[in-house]
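Open the model in your viewer and keep the sequence panel beside it. The stops below each say what to select and what is there.

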Amino acid sequence: MPRSPLPRGLGVFEFIELLIAGLFLGVTYGLLAIPISILFVSTDKVDLAVGAYAVLAAAVAASVPGLIGIPLGLLAACLAAATVGLIFMALDRQPHQDPLAAVLASFGFALFLESFVLTLYGKNPFQRQLFSNFWSISGIHVSPQAPINSGIAVVLIVGLYLLLYRTPWGRDMRASAANQRGALLVGIPVPMMQLSAYIIAGLLAGVAGILILYSTGAEFSAGLHFTLAGFGAAILYGLHSPFRGFLGGLTIGIVEALSNGYTSGFVASAAPLLVVFLVLCFGRYSLEQVRGGRA
Amino acid sequence: MSLLYRQIPALAIIGVVLAVTVLIKDSFLWLDTSAIIAIYALLALSAGASYGLAGILTVAQASFASIGAYATAIATIRYGVSPYLSIVLSVALPVLIAYPVARAVNRLSPLALAIATLFFGQIVDLAIRNGGDFTGNYIGLSGIPTLPGLSSPLAFHLACWAIVCVVVFLYSNLVDSAWGRAMATLRYDSLRATADGVDVPRMRSIAFALAAAMAGLSGWLYAHHGAYLSPDSLGTSQSLSALLMAVIGGAQYALGPVVGAAVLTLVLGQLPGQELLGMFYGTVLILVLVVMPRGLLGAFAAIVNRFTSQKRQVRAAAPNEASRPASAGTAPTIGDAALTCTGLRVRYGPIAVCHDITLSIARGEKVLLLGPNGAGKSSLLGAIAGVVSSSGQITVDGKDIQRHSPNRRSQDGVAFVPEIRGNLFPTLSVEENLRSALRLMPSSKQAAAYQKMTGLFPILSERASTQTRMLSGGEQQMLAVAMAAARSPTVLLLDEPSQGLAPSIYGVLREAFEQLTRDGIALLIAEQNIPFASSIASRCLVLKGGRLVAAEGPELLANPERIAALFLQEDRKPATTPDQSSNASGLIQSAAIG
């Protein structure tokens, strides 16, 4: 994983700074975890192109001057996610569908997007800075972008919660996720619900990409890193819950920031990956849970 | 599979390589391309073996190749070990790493396993990049010696393909061994393999380790081919290339990955720019998965099969369906009936499960669908509801619904309660389940319909906020019926509504069914519990071997001997021996009591 330019030191202030930097990073990982969880519970699929949607949104937004690029970036991410949704539906029509084929196809699409972004927007990192100075609060340096990112994330999560648990549309979505055949039998248009789940996933990943654009920035090849961070975040506390996925994102962000701050070399770069790999190896994820059982 | 048939892949490679060698023996460029194809073929074979044999979609095969390549590079450059000795290290090291990794992660689902290999690949990549002088960090290692005696392009090309041949030969024979057949079982049904006494985690880990050995071998050849090795030489993109090659060729076949490696390497050479590589990979991968899920060899095999099966069908053409007499169902009177089926057929691929079903049910009628296990009862109900595909005509209130999707049919007046309450949403509350069922009704009528259903089953009001999965079986069945009946459908299909319920619930369901038929809803109920069925049905249809063999009144249910005779009769041969009849009636009675 790429190293974040974080200050080093052993004092309490430095520790708090690292913690805040980790939370700052974790907000975007958490936003990437939510679409992975939503798609898993609503379609039983894992979309490995989520990170690529974020990069696409960042690239498109960076290519257009001013704030107009932001909706264009989000639109591009939604379109990309909807395309993956249509590909998954085409795979579902096969009589003896291999569940791994969808994972492979989403990987294929991630490769496509990476190459597309490279061809169209080049190798230079995509980054924008709204603020040139850090705030100093009691000696602790904080980027003004941090509360903006956190605020946007909180608004999105609350909005998502209200959409899923307080509207008939959300009930239909949860019903489709819980029992597709049952949903069809009560007249819920399941394919449309699934397609809208992909578009929401694309939107959330796109927002994460825009936040990344205005904070750490991203290269065309960062999609896989973001997917791994998002998936790691999603699986840390349970793949079936989008909201736990967000907490997982904060955890991974903190692990990454602290390991970058206090260690170096292999451990610093690989710590978040190792944490997730160990959770996969020795965590509480039984076969049923990860296969799609919903607690 | 015969011994000779098994050797076809290896023999095919020998034949093609010899023919190609004659053509390209004087071209350095083509000999080098051929050697690269062989190296990638080994890598693709390892991905194919892991995916096709063990069911592990691995996105880390190039990492194992990288471990093998670095092992030989470090041994030969730093310690002066002969490359022919370091091959042991290149093969053994990936195996020693792959086996414990597989043991650690193989309790996971195939999906999570694929992700775990992705994480593993990234960790290996970081370890190599941060390995200091030992691995050459980001810069890599140069000066790797060529293989002694194989420095000429022709010799190296032949050596590479000889190794591919040996690996394909061993792999083909392994797949067809008792061990390979056990692997095939666990690939598709690990539970059944466990029940057969197969140690699934151990077997999968061994298969994964064998695949890693192939990758290590590929890495060994790679290192001694190019003389230079960096972390990017065998990284994630090469893992994906290997997977793509296996999928394009056909991961289930020993020859598939080799074909995929050849096709892809040759096509990639024609691409105008490296930045387009990902778009090409992605498009091809998705197209192959959607259009040819079994790869080029699978598509070829399908064409051959179609050709040969057409020939067999021409030979075996015989009188069949058309000559059969009319079905035993009541002749449809479409205008008056709530539900009619005419010439309804259900097939699962090549297997026909319902033949020419013709039936008619009036409004307010309770019709029982009887039949032994496997008679096609659930398939028939599923076909009417639209969750199982079928041909023939289905009408509801005189309207043809055959082309309608399941959710459209629910708007047309069909409601279905599948076996074991399969229409419930377990993670939603009781109230949310009921509200979902009412979603198609005008909102002005929803409150009354909700009240009506909770009036029919008062316990549902008490459990309104409880998650459905927390209800008892009887409560779940009540909710399932309430959900299906909530919109006052024209016809309500129920698949074994008494299954797994305490007899005390039967009375509640019986009363509910009475109420629903009084409201004009037609009920078609598949049931095996004869005492329960006899108390609710006004007419019985008997399904046997996918055909309606009898349509009788409720008095049939009081005559176990007659039911047994219908259940046991051969198609078109109604007679049964008295012994068979009494045994069957005993079976039916015990099933009903149970």
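Start by selecting N137(B), which is partly exposed at a relative accessible area of 29%; on this scale buried means under 20% relative accessible area, exposed over 50%, and partly exposed in between, with a 1.4 Å probe and protein chains only. N137(B) sits in the loop between α6 (110-129) and β1 (141-142) of chain B. Helices (H or I, at least four residues) and strands (E, at least two) are DSSP runs numbered from the N terminus. The phi of N137(B) is near 50°, a positive value in a residue other than glycine. Most residues other than glycine have a negative phi.

Before moving on, note that this is a predicted model, in which local features need pLDDT of at least 70 and side-chain atom pairs count only at pLDDT 80 or more, while totals for chains, interfaces and linings use all residues. Residues are numbered from 1 along each chain as its sequence is written, chains are lettered from A and ligands numbered from 1 in the order in which they are written, and side-chain values use heavy atoms, with hydrogens and water left out.

Select R421(B), in the loop between β8 (414-417) and α17 (430-437) of chain B. R421(B) is not a glycine, yet its phi is positive, about 55°. At 12% relative accessibility, R421(B) is buried.

A salt bridge here is a side-chain nitrogen of Lys or Arg within 4 Å of a carboxyl oxygen of Asp or Glu. The count over all chains is 13.

Show D232(B) and R129(B), whose closest N and O atoms are 2.7 Å apart in a salt bridge. D232(B) is in the loop between β2 (228-229) and α11 (236-249) of chain B, and R129(B) is in helix α6 of chain B, 103 residues apart. D232(B) is exposed at 52% relative accessibility, whereas R129(B) is buried at 14%.

Next, select E431(B) and R435(B), a salt bridge with its closest N and O atoms 3.2 Å apart. Both lie in helix α17 of chain B, and because they are four residues apart, about one helical turn separates them. E431(B) is partly exposed at 31%, and R435(B) is partly exposed at 27%.

Then go to E475(B) and R463(B), which meet in a salt bridge at 3.0 Å, N to O. E475(B) belongs to helix α20 (residues 473-485) of chain B and R463(B) to the loop between α19 (459-462) and α20, so the pair ties together parts 12 residues apart in sequence. E475(B) is buried, with a relative accessible area of 12%; R463(B) is partly exposed at 28%.

**Between the chains**

Which residues does F266(A) touch, not counting those up to four places away in sequence? They are A271(A), L274(A), I123(B), L126(B), A127(B) and N130(B), where contact means heavy atoms within 4.5 Å. F266(A) lies in helix α11 of chain A and is partly exposed at 26% relative accessibility.

Now colour the whole interface: 62 residues of chain A are in contact with 64 residues of chain B. The area buried between the two chains is about 5600 Å², with 74% given by carbon and sulfur atoms; buried area is the accessible area (1.4 Å probe) that two parts lose on being put together, summed over both. On the chain A side, L100(A), L104(A) and L185(A) lose the most area to chain B, together 13% of what that side buries.

The rule finds two salt bridges across the interface of chain A and chain B. D172(A) forms a salt bridge with R439(B), the closest N and O atoms being 2.8 Å apart.

**Inside chain A**

Select R128(A), in the loop between α4 and β1 (135-137) of chain A. R128(A) is buried at 19% relative accessibility. Its contacts beyond four places in sequence include A61(A), P65(A), L213(A) and Y214(A).

Finish at S42(A) in helix α1 (residues 12-43) of chain A, which is buried at 4% relative accessibility. Leaving aside neighbours within four places in sequence, the contacts of S42(A) include M173(A), S176(A) and Q194(A).
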